[in-house]
Amino acid sequence: MQRLWKVALGSLCVLWGAACASSKPATTAQMPVPPASPTPVVSGVVEEATVTATATVLRVDVKKRQVTLKAPDGQPFTITVDETVKNLPQVKKGDLVTVAYFESIAYDVRRPGEAEPGVAAASEITTAKPGQKPGGVIAEVYRVTATITAMDKKAPSVTLQVPGGVARTIAVRDPSKLDKVKVGDLVELTYSEALAVSVEKPKK
């Protein structure tokens with residue numbers, strides 16, 4: 001929970017700071033769309049987690065640009081909002097600030113020609129429109145596509161090679177999946193992370 005709020009504090013300021021600049025999603029990079037291909041030979045999720053927490057607005061000082069919140073554990077903390085934010089007056093005492101954090105690591109194994117080895121990254125920020133309560137979503141996706149250069153079913157493990165990078169051998173949790181995989185296949189590792197922040201009036 002402490003990690004969630006540490007991430008949320010910085011992201012909350014980013015979202016509030018960007019809210020006045022544009023009401024449209026801002027894409028800083030675009031993830032290349034892989035060519036159409038059959039269903040992956042093997043796919044799965046290595047790790048996935050979602051954490052949600054809600055804090056209550058205790059005080060808003062528009063002149064000092066400060067908002068004091070009460071964390072889920074009851075501890076108060078104060079953040080300073082950037083001068084460029086025009087949505088701060090919409091935040092009132094008693095409002096609820098909800099933060100939802102999501103991250104996952106997934107993989108797909110494809111045959112040669114169905115994917116290209118390499119690294120790609122994309123991020124997107126969506127903010128509230130001017131006049132609305134602050135809020136938005138920050139999402140980031142990283143994709144690494146590596147070639148299987150060796151396999152060891154006894155270990156079990158596979159060795160992956162990214163162009164220009166060092167080959168790495170990783171353990172395989174489910175040995176049975178290696179029966180469908182062979183040297184030369186490509187492994188797409190996708191790491192996704194998203195943080196959504198919303199400010200709402202408490203329900204009566």
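**Stop 1**

Select Asp179 and Lys153: their side chains meet in a salt bridge, 3.6 Å from N to O (the term means a side-chain nitrogen of Lys or Arg within 4 Å of a carboxyl oxygen of Asp or Glu). Asp179 lies in the loop between β9 and β10 and Lys153 in the loop between β7 and β8, so this pair ties together parts that are 26 residues apart in sequence. Strands here are DSSP runs of E with at least two residues, and helices are runs of H or I with at least four, numbered from the N terminus.

A word on what you're looking at: this is a predicted model, where local features need pLDDT of at least 70 and side-chain atom pairs count only at pLDDT 80 or more, while totals for chains, interfaces and linings use all residues. Residues are numbered from 1 along each chain as its sequence is written, and side-chain values use heavy atoms, with hydrogens and water left out.

Keep Asp179 selected. With a relative accessible area of 58%, Asp179 is exposed (buried is under 20%, exposed over 50%, partly exposed in between, using a 1.4 Å probe and protein chains only).

**Stop 2**

How many salt bridges does the structure hold? There are 3. Next up, pick Glu188 and Arg110, whose closest N and O atoms are 3.1 Å apart in a salt bridge. Glu188 sits in strand β10 and Arg110 in strand β5, so the two tie together parts 78 residues apart in sequence. Both partners are buried, and for Glu188 the relative accessibility is 5%.

Then jump to Asp185 and Arg111, where the closest N and O atoms of the salt bridge are 2.5 Å apart. Asp185 is in the loop between β9 and β10, and Arg111 in the loop between β5 and β6 (118–127), so the pair links parts 74 residues apart in sequence.

**Stop 3**

Most residues other than glycine have a negative phi, and most peptide bonds are trans. Select Ala155 and Pro156: the peptide bond from Ala155 to Pro156 is cis, with omega near -20°. You'll find Pro156 in the loop between β7 (135–152) and β8.

Arg65 is next, with a positive phi of about 60° although it is not a glycine. Look for Arg65 in the loop between β2 and β3 (66–70); at 10% relative accessibility, Arg65 is buried.

**Stop 4: strands around a pocket**

Last, show β2 (42–61), β5 (96–110), β8 (157–161), β9 (168–171) and β10 (186–200), each of which supplies at least two residues to the lining of the largest pocket. The largest share, 3 residues, comes from β2.
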